[in-house]
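Thanks, everyone. I have one structure to go through today, so please look at the screen.

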Amino acid sequence: MRNWLAGLGVAVLCLVLSWGLLLILARRLPPGILRDLAAFIPDCVTTVRRLRKDPRVPRRARIAIIVAGVWVASPVDLIPEFIPIIGPLDDIVVVALALRYAGRQVPREVLLAAWPGEPRLIERLLGDVR
């Protein structure tokens with residue numbers, strides 16, 4: 001039992017250290033598409049967190065946003081995360097679809113206020129004004 005707990009502790013430590021390394025490397029990326037992609041999921045998680053508490057968001061949009069947030073947090077994926085480049089693709093697609101759905105029901109200024117990242121990214125995701 002003790003060896004199992006030690007192994008679990010080492011695995012968690014390795015996971016946390018790898019996340020830290022990825023964060024440090026992502027901050028060093030030059031401006032451009034790679035930096036935007038590296039920041040997309042954290043920005044989406046922040047947006048989901050902000051929108052689910054906003055009273056101006058209708059129930060249907062809130063449910064879609066919460067489902068997207070749970071999808072990103074879930075360890076179960078359609079495409080395993082360890083596959084380079086396309087691993088996080090299912091998360092990105094689900095979040096993008098949920099935000100696009102919410103964008104049709106929530107006032108654009110509410111979405112823009114909730115988005116912590118580069119405004120041009122969310123504008124491009126949402127598309128033209130109705």
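I will take a few helices and then the salt bridges.

A word on the source before that: this is a predicted model.

I start with helix α6, residues 119-126. Its buried residues are Ile 122, Leu 125 and Leu 126. Those residues cover an arc of only 95° around the axis, which puts them on the same side of α6. What lies over them? The cover for the buried residues of α6 includes α4 (89-105) and α5 (108-114). After α6 comes Gly 127, with a positive phi near 80°.

Next, α4. With 17 residues at 1.5 Å a residue, α4 should span 24 Å, and its end C-alpha atoms are 25 Å apart, which agrees. The buried residues of α4 are Asp 90, Asp 91, Val 95, Ala 96, Ala 98, Leu 99, Ala 102 and Gly 103.

Now the charged pairs. How many salt bridges does the count come to? The count is two.

One joins the side chains of Glu 123 and Arg 108, at 3.0 Å from N to O. Glu 123 belongs to helix α6 and Arg 108 to helix α5, so this pair ties together parts that are 15 residues apart in sequence.

Asp 54 has 13% relative accessibility, and the cut-off for buried is under 20%, so Asp 54 counts as buried.

That is what I had on this model.

Terms used
Residues numbered from 1 in each chain as written. Predicted model: local features only at pLDDT ≥ 70, side-chain atom pairs only at ≥ 80, totals over all residues. Heavy atoms only, no water. Buried < 20%, exposed > 50% of the residue type's maximum accessible area, 1.4 Å probe, protein only. Helix = DSSP H or I, 4+ residues; strand = E, 2+ residues; numbered from the N terminus. Arc of directions from axis to C-beta. Contact = heavy atoms within 4.5 Å. Expected span 1.5 Å × (residues − 1). Salt bridge = Lys/Arg side-chain N within 4 Å of Asp/Glu carboxyl O.
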